[in-house]
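Here is a short report on a protein model and its ligand. It takes up charged pairs, then the ligand site.

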Amino acid sequence: MSSPDQQIVLVIGASRGLGLALVEKLTKSPTTRALGTVRTQSPTLQLELEAQLPSATFLTADITNEASLLSAAQQLPGGELDVLIVNAGMGARDPVTQSSTDTLAAYLDTNVLGPHRAIRAFLPALRARKTRKIILISSSSGCLTQQAMPDSIGLAGCYGTSKAALNMLAVQTSNELNRAGEGFTVVSIHPGWVATDMGNKVGDGGMPPAESASKILELVGRLETSDSASFYKFDGEKMPW
Ligand SMILES: NC(=O)c1ccc[n+]([C@@H]2O[C@H](COP(=O)([O-])OP(=O)(O)OC[C@H]3O[C@@H](n4cnc5c(N)ncnc54)[C@H](OP(=O)(O)O)[C@@H]3O)[C@@H](O)[C@H]2O)c1
């Protein structure tokens, strides 16, 4: 059970990489109840993760499957949630002009429709508390201002297209909830270049996942409703759209 003064924080996509580092950091805070999700039911993986992080709880949710997200929402302690961090994502170098429309559709399904499914599934739980923070892990590849520069970097292509759409999802979600006076904080965060399976596709030299995770959580802790509909870098600097 969570005590009423504990913040309940859920990271969608926590089997490895940045998501797992976020859950690990969350478990270090005595005032936080840390939850993560893994994509498929795997007793071995769940046992492994719970052995590694005994105070965390791991649920199952495939972000491309609405029913699995709704089922995960049913399993939240007390049916309540303070902070939803949507971290799950796919990313590789898939230039739009060389990729099939089905490939682009797969990116949109995971990186845009997935977060939309997650937001809708967890809204009732977020509304049950006052904190009401929704954090979408985006990318500088989705930053139109940077990608339109002649020397832009990153995975770009289909991935960048999906992350730009994810950023708009953050803005529209924030506008709708806050114009109705619901007091939500909805932001996109670029985690920096992180040495994970995805980050290593760009090359060597990404920062350790734990470093990005700590900065992201410091930022999330500082955010207020007046910061909603913004795009941040992991270190708290505001990014242009
Ligand atoms: N690494 C970087 O440098 C970098 C830079 C900018 C943005 N990002 C963003 O940061 C986030 C985390 O990336 P990462 O570097 O940690 O990537 P990663 O190492 O490839 O991990 C991706 C995570 O997303 C999960 N996932 C993928 N598809 C899923 C699905 N359909 N349902 C549920 N979970 C799913 C994976 O679960 P499985 O283990 O089941 O596959 C895994 O936990 C992503 O949104 C990424 O776009 C990363």
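## Salt bridges

Lys28 and Glu24 form a salt bridge, with their closest N and O atoms 3.8 Å apart. The term means a side-chain nitrogen of Lys or Arg within 4 Å of a carboxyl oxygen of Asp or Glu. The whole structure holds 8 salt bridges.

Asp197 pairs with Arg16 in another salt bridge, and here the closest N and O atoms are 2.7 Å apart. Asp197 sits in the loop between strand E6 (185-190) and helix H7 (209-222), and Arg16 in the loop between strand E1 (7-12) and H1, so the pair ties together parts 181 residues apart in sequence. Helices (H or I, at least four residues) and strands (E, at least two) are DSSP runs, numbered from the N terminus.

## Basis of the model

The model is predicted: local features need pLDDT of at least 70, side-chain atom pairs count only at pLDDT 80 or more, and totals for chains, interfaces and linings use all residues. Residues are numbered from 1 along each chain as its sequence is written, and side-chain values use heavy atoms, leaving out hydrogens and water.

## Ligand contacts

Which residues come nearest to the ligand? Of the 27 around it, they are Ser15, Arg16, Arg39, Tyr159 and Thr196. A residue counts as near if one of its heavy atoms lies within 4 Å. Helix H1 (17-27) and helix H6 (157-179) each supply at least two residues of this shell.

A polar side-chain atom of Lys163 lies 3.0 Å from a ligand oxygen atom. A backbone N or O atom of Asn87 is 2.8 Å from an oxygen atom of the ligand.

Technical notes. A polar contact is a pair of N or O atoms within 3.5 Å; within protein, one must be able to donate a hydrogen and the other to accept it, and residues adjacent in sequence count only if both atoms are side-chain atoms.
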